[in-house]
Amino acid sequence: MILNQFLVLAAVLFCIGVYGVLVRRNGVLVLMSVELMLNAVNINLVAFSAYLHQAAGQVFALFVITIAAAEVGVGLAIVLLIYRNLHSPDLDRVDQLKG
Amino acid sequence: MVAQNVVFWILAVAMVLAAIGVVRSRNVVHAALYLVVVMAGAAAQYILVAAEFVAWVQVIIYIGAVIILFLFGIMLTRAPMGGESDLDNDRKWPAAVVSLFLVGVLATLLIDAFHAKEIKISGAGGLRTLRTGTSGHIADLIFKSYVVPFEVVSILLLAALVGAVVIARRD
């Protein structure tokens, strides 16, 4: 296997995640797209760990997984609060700071 | 080598199609289930490069915990379950152009930088003999070299837990 297979796969997944973040209106779906992007980064870290024969990359991937879990918890709490205040999970309606 | 490549491409195609399903699906629950396919595919890719501990952590935390959290989020926000048309905003084409441009730039850059670097599987210095991805090796690294970041992450998890409770609490 060559390293680039994994890197290009991760790049494609990352860009699909970017598309999702830009296009989706539902807060939960935006968080799912962010998870896609974090997963792409993890694939990169593990692929480089295999290429360089150093397990440090895998430890970083574990840290990224932990941070992602924390991020989903706080993110869903925020989406829940938006839903409770605006009666809709639609992020385009969060525009109170707009002049 | 050939068998691993075949498995890689099958998984890669499945993951990309499922990821497109996540961002294109008209049904929120289906998007979460497509996300399960992407996560499981990523875990299988980790096993393919002998990172077994990360693979199982991926299965337990992402498929086990994060997806359940998403499904709870979908239920609590009463997201439209059956075919809703206004899940996307009307900036689809600019977003598609941006992400296609990004994938073009990244792929060109990566292919230019690492065009034929090989991941060694068998033989001396290969993954099969070095076994860097086993739980023992990872545990040695976490609790020797990276013990301070590990403790910091545990504090961060606690803070995120308390923060999520404080944010979502109904006063």
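This is a predicted model: local features need pLDDT of at least 70, side-chain atom pairs count only at pLDDT 80 or more; totals for chains, interfaces and linings use all residues.
In chain B, 25% of the 171 residues count as buried.

Chain B contains seven helices and zero strands. In sequence order, the secondary structure elements of chain B read α-α-α-α-α-α-α. The radius of gyration of chain B is 20 Å, whereas the globule rule gives 16 Å for 171 residues; chain B is well over that value and is therefore more spread out than a compact globule. The C-alpha trace of chain B has spans of about 60 × 40 × 25 Å along its principal axes. Contacts were also examined by sequence separation: of those in chain B that link residues at least 6 apart in sequence, 58% are between residues at least 24 apart.

The interface between the two chains involves 61 residues of chain A, which are in contact with 79 residues of chain B. On the side of chain A that touches chain B, at least two residues each come from α1 (3–23), α2 (27–52) and α3 (56–86) of chain A. The most is given by α3(A), which supplies 20 residues to that side of chain A. By residue class, the side of chain A that touches chain B comprises 44 nonpolar residues, 13 polar residues and four charged residues.

Terms used: Residues are numbered from 1 along each chain as its sequence is written. Chains are lettered from A and ligands numbered from 1 in the order in which they are written. Two residues are in contact if their C-beta atoms, placed from the backbone, lie within 7 Å. Helices (H or I, at least four residues) and strands (E, at least two) are DSSP runs, numbered from the N terminus. Ala, Val, Leu, Ile, Met, Phe, Trp, Tyr, Cys and Pro count as nonpolar, Asp, Glu, Lys and Arg as charged, and the others, Gly among them, as polar. The radius of gyration is taken over C-alpha atoms; the globule rule is 2.2 Å times the number of residues to the power 0.38. A residue is buried if 20 or more other C-beta atoms lie within 10 Å of its own, exposed if 12 or fewer, and partly exposed in between; C-beta atoms are placed from the backbone.
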